[in-house]
Amino acid sequence: MGSTSIEDMHHFAGDSAWFQLYVGGDQSSAMDLVARAKTSGYDTLLLTVDVPEVAIRIRDQRNGFKVPFTIGPRQFVDFALHPRWSLTTLFHGAPETVNTVSDSSATFNRYAGRGAIDWGFLSSLRDQWPHKLLVKGITSVEDAVKAKQSGCDGVYLSNHGGRQLASAPAAIDLIKPVREAVGSEYPMAVDSGFRCGEDIVKAYALGADFVMLGRPFLWGVGADSTDGVTRVMDILRSEILNCMAQIGVNSISEIDQSHLVK
């Protein structure tokens, strides 16, 4: 759903680029994207299952964040209060979902169902993708174990930042039981609700290998473009190092459950 093509993103990010796959009603289109990712040189594919259906998201509706985008009085006030963003966006034009539009008649439906996949699809994807494969959106120990048994190279715990189901379990509460179930060496990523360096250290102590953040970087880029992203990274690095100093460790690898308060 990005405004940068799969090919261009790999050109910019190189080996740091992972390809995140959402599967809509048309599985053949999804596999076309997978083929493009493979041709472009991606080494890691992330099958994302945490949005089988776009949630109601009352806050988005209240703020007028809808697709297709509509402009009302609230949006005009917002534009006026942020002239640099408004003028830059006006100059460059509205972003388009360049990877999903293959012809002039195609349209992007944000609210189309994305839940038409199952364990059989994962098995088929595993057969066709020769590189690293992870499943993002795991919210139970049972699914984490099944993903491992299905040949995935790792699991990614996520409740989509708490924006899908209000009663979904917190991702951080899943880390320890999933780690115990999949073993100490199996790669595990986690996101949802992590906002500072201390949060990241907690996740490492519980057993996570990777901690992903989305919103802090969106805030950074929204506030000050590229410099804002760099500033967020500096803040997180400083917070992680400070927390490590407070608990008496000199490297990430030293962080374990002994640093948690029971």
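The largest nonpolar core of the predicted model comprises 51 residues, and Leu 21, Leu 125, Ile 175 and Val 190 have the most contacts inside it. Such a core is a set of buried Ala, Val, Leu, Ile, Met, Phe, Trp, Tyr and Cys residues joined through side-chain atoms within 4.5 Å; buried denotes under 20% relative accessible area, exposed over 50%, and partly exposed in between (1.4 Å probe, protein chains only). Helix H9 contributes the largest share of this core, six residues. Residues are numbered from 1 along each chain as its sequence is written, and side-chain values use heavy atoms, with hydrogens and water left out. Because the model is predicted, local features need pLDDT of at least 70 and side-chain atom pairs count only at pLDDT 80 or more, whereas totals for chains, interfaces and linings use all residues.

Contacts are defined by heavy atoms within 4.5 Å. With residues up to four places away in sequence not counted, Leu 125 touches Leu 21, Met 31, Val 34, Leu 45, Leu 47 and Leu 133.

Helices (H or I, at least four residues) and strands (E, at least two) are DSSP runs, numbered from the N terminus. H9 spans residues 197-206 and is mostly covered, eight of its 10 residues being buried; among them are Ile 200, Val 201, Tyr 204 and Leu 206. The buried residues of H9 pack against helix H8, strand S5, strand S6 (210-211) and helix H10 (215-247). Gly 207, which follows H9, has a positive phi near 130°.

Strand S4 (residues 154-157) directs Gly 154 and Tyr 156 one way and Val 155 and Leu 157 the other way, and all are buried. Strands are taken as paired if DSSP finds at least two bridges between them. Strand S3 (residues 132-138) runs parallel to S4 and is joined to it by four bridges; Tyr 156 is the bridge partner of Lys 136.

Val 145 lies in H7 and counts as partly exposed because its relative accessibility is 26%. Its C-alpha is 9.0 Å from that of Val 155, 10 residues apart in sequence. Val 145 touches Ala 181 and Val 182, again not counting residues up to four places away in sequence.
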